[in-house]
Amino acid sequence: MLAVSAVSQSADDPLSGLEVGERPDPQAPDGWVVVDLRACALNHHDVWSLKGVGLPADRLPMVLGCDGAGVSDDGAEVVVHAVVPSPGWAGDETLDPRRTLLSELHDGTLAERVAVPRRNLVPKPEGLSWEQAACLPTAWLTAYRMLFTNAAVAPGSTVLVQGAAGGVATALVQLGTAAGLRMWVTSRDGARGEHAVALGADRAFESGARLPERVDAVMETVGAATWSHSVNSLRPGGTIVISGATSGDAPAKAELTKIFFKQLRVVGSTMGTRDELERLARFVVDAGIEPLVDSVRPLAQAREGFTRMVAGSVEGKVVFTT
Ligand SMILES: NC(=O)c1ccc[n+]([C@@H]2O[C@H](COP(=O)([O-])OP(=O)(O)OC[C@H]3O[C@@H](n4cnc5c(N)ncnc54)[C@H](OP(=O)(O)O)[C@@H]3O)[C@@H](O)[C@H]2O)c1
């Protein structure tokens, strides 16, 4: 089958280890199923894997990808949940210390077919296209859990999203707006901030700008470059939910004093559960949300999508069709 794999890793030149080519068809062990993928989508996670973060070199070559939607062996239309718990784990799989994401231990979704545990199949709502469904399992699920499980905000609250244009950031804006939250964004680029406003954000600010008032919660995925601004932008008792550190995980200042003096909550968030993915898919359809898609290309042209992401040019999700 055609697949997009990591064959080597380089922190400085991640695309040097990217291969688009033929790989063996996946085999499904007991309790697993092969899904015939119709669409899959790119995440920053795939770039980290090519840089050698989170994917040990001794597991290469590895088919990349955490996002996919397709048809299972019984003909059902499904969205694939990417979090694979360790054998025997019960409860919230994101809390399993031995859980992996597809493409970390088992081959991923940037392929014509993928093998996944049967419990990881979520019905694809009829109202979603293949391309839209493929956007949901990683960036959108992460945004859903950040906002609705971990942020402790109610409709009418003001939420700041650090970054405006990426997969998680656009999902946060679209989900939060649909749920009655007042969504503010920052961006390194004015035009990308304005696009977020067109998508539903209430206001956009330059990265690091002083805000007109303090916010109830900050959604942080940028990391070092925005950490101090996130702490300074919160009202006392507010919450930072952090799920990523694209610009690095060592901020110049940890801001410990402000965190305890303002009694801030700092909450880590990673992916979401299968049940959250099912609720997310239903919410997206019921609320009439159309996930922002940066571009759709055949899987054979995946390298161009990776190039856009590494350059920091994407707006929304980069989707591939098989
Ligand atoms: N914990 C989890 O489960 C989980 C799940 C999904 C993603 N993540 C992490 O979240 C991060 C975002 O993922 P993604 O897929 O949304 O990536 P992406 O599509 O490449 O988006 C990158 C985002 O970073 C923003 N950004 C702002 N300042 C930046 C800077 N100095 N350097 C680089 N980027 C900057 C960009 O905003 P502007 O261009 O508008 O400024 C954009 O919104 C990644 O680090 C990813 O690994 C974690």
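Which elements do the buried residues of α9 pack against? The points below start there.

1. Model and conventions. This is a predicted model, in which local features need pLDDT of at least 70 and side-chain atom pairs count only at pLDDT 80 or more, while totals for chains, interfaces and linings use all residues. Residues are numbered from 1 along each chain as its sequence is written, and side-chain values use heavy atoms, with hydrogens and water left out.

2. Helix α9. The buried residues of α9 pack against β1 (2-6), β2 (18-22), α1 (44-51), β17 (293-298) and β18 (317-321). Helices (H or I, at least four residues) and strands (E, at least two) are DSSP runs, numbered from the N terminus. Within α9 (residues 302-310), A302, G305, F306 and M309 are buried. Seen down the axis, the buried residues of α9 fall within an arc of 100°, so they line one face of the helix. Buried means under 20% relative accessible area, exposed over 50%, and partly exposed in between, with a 1.4 Å probe and protein chains only. The arc is taken over the directions from the helix axis to the C-beta atoms. Just after α9, G312 has a positive phi of about 75°.

3. Strands β15 and β16. Strand β15 (residues 234-242) runs parallel to strand β16 (residues 265-268), and 4 bridges join them. I242 has G268 in β16 as its bridge partner. Strands count as paired if DSSP finds at least two bridges between them.

4. Loops on either side of α7. E255 lies in the loop between β15 and α7, and Q263 lies in the loop between α7 and β16. E255 is not a glycine, yet its phi is positive, near 65°. Q263 also is not a glycine and has a positive phi of about 50°. E255 is buried at 7% relative accessibility, whereas Q263 is exposed at 62%.

5. Aromatic pairs. The structure holds 3 aromatic pairs. In one of them, the ring centres of F148 and F283 are 6.0 Å apart and the planes stand at 85°, so this pair is edge-to-face. F148 belongs to helix α3 (residues 136-150) and F283 to helix α8 (residues 274-286), so the pair ties together parts 135 residues apart in sequence. Rings of Phe, Tyr and Trp (its six-membered ring) pair if their centres lie within 6.5 Å; planes under 30 degrees apart count as stacked, over 60 as edge-to-face and the rest as tilted. F148 is partly exposed, with a relative accessible area of 33%, and F283 is partly exposed, at 23%. Ring pairs link Y144, F148 and F283 into a cluster.

6. L280. This residue lies in helix α8 and is buried, at 0% relative accessibility. Apart from neighbours within four places in sequence, L280 is in contact (heavy atoms within 4.5 Å) with L136, W140, L141, Y144 and L175.

7. Helix α2 and W130. E131 is in helix α2 (residues 130-134) and is partly exposed, with a relative accessible area of 27%. Leaving aside neighbours within four places in sequence, E131 is in contact with A39, V296, V319 and T321. E131 and G68 are 63 residues apart in sequence and 8.9 Å apart in space, C-alpha to C-alpha. K124 lies over the face of W130, 4.8 Å from the ring centre. A charge sits over a ring if NZ of Lys or CZ of Arg is within 6 Å of the ring centre and within 35 degrees of the ring normal.

8. Two further loop sites. P61 is in the loop between α1 and β4 (62-63), and the peptide bond from L60 to P61 is cis, with omega near -5°. T226 is in the loop between β14 (215-220) and α6 (227-233). T226 is buried, with a relative accessible area of 6%, and touches Q162 and E220, not counting residues up to four places away in sequence.
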